[in-house]
Amino acid sequence: MTVSAAVDQYTVLTGDRSKIKDLLCSRLTECGWRDEVRLMCRTILLEKGTNNSFTVEQLITEVTPKARTLVPDAVKKELLMKIRTILTENEEEADEAEDEP
């Protein structure tokens, strides 16, 4: 299991995943990322979707790499710090529980 998969599984089990997801959604909206991606999707659909043969899966495949590069570094850093804080807090709580008789 990779580290990212382990962290993902851990955050799901502790209920922190929804907090992280909510934070990400709000930050992406605040910085205008969602609007940029929406505009990108519209542009692609106008260029390629005129004959209705362009599927949602194809749109996702084309947009995803570009959208990932548009996520601001500040948002990535904030999320990483939030995940580290959650892991540290939960580790400390586990250590305290082990020390109690």
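## Glu-62 and its partner

Glu-62 is partly exposed, with a relative accessibility of 22% (partly exposed lies between buried, under 20% relative accessible area, and exposed, over 50%, using a 1.4 Å probe and protein chains only). Its side chain meets that of Lys-48 in a salt bridge, at 2.9 Å from N to O (a salt bridge being a side-chain nitrogen of Lys or Arg within 4 Å of a carboxyl oxygen of Asp or Glu). Because Lys-48 sits in helix α3 and Glu-62 in helix α4 (residues 56-70), this pair ties together parts that are 14 residues apart in sequence. Helices here are DSSP runs of H or I with at least four residues, numbered from the N terminus. Lys-48 is partly exposed too, at 38% relative accessibility.

A word on the model: it is predicted, so local features need pLDDT of at least 70 and side-chain atom pairs count only at pLDDT 80 or more, while totals for chains, interfaces and linings use all residues. Residues are numbered from 1 along each chain as its sequence is written, and side-chain values use heavy atoms, leaving out hydrogens and water.

## Across the chain: Arg-27 and Glu-78

Six salt bridges turn up in a search of the whole structure. One of them joins the side chains of Arg-27 and Glu-78, again with 2.9 Å from N to O. This pair links distant parts of the chain, with Arg-27 in helix α2 (residues 17-30) and Glu-78 in helix α5, 51 residues apart.

Both partners are partly exposed: Arg-27 has a relative accessible area of 26%, and Glu-78 has 30% relative accessibility. Glu-30 joins Arg-27 and Glu-78 in a network of salt bridges.

## Within helix α3

Now for a pair inside one helix. Arg-38 forms a salt bridge with Asp-35, and their closest N and O atoms are 3.0 Å apart. The two are separated by about one helical turn because they are three residues apart in helix α3 (residues 33-48). Arg-38 is partly exposed at 40% relative accessible area, and Asp-35 is partly exposed at 48%.

## A negative patch

Glu-89, Glu-91, Glu-92 and Glu-93 gather on the surface in a patch of negative charge. Patch members have over 30% relative accessible area and no salt bridge, and like charges are joined within 9 Å. For Glu, the place of the charge is taken as CD.

Glu-89 belongs to helix α5 (residues 73-99). Glu-89 counts as partly exposed because its relative accessibility is 43%.

Technical notes
Patch = residues over 30% accessible without salt bridge, like charges linked within 9 Å, V, L, I, M, F, W, Y side chains within 5 Å. Areas by Shrake-Rupley, 256 points an atom, 1.4 Å probe, with all protein chains shown as cover. Lys, Arg positive; Asp, Glu negative; His and termini not counted.
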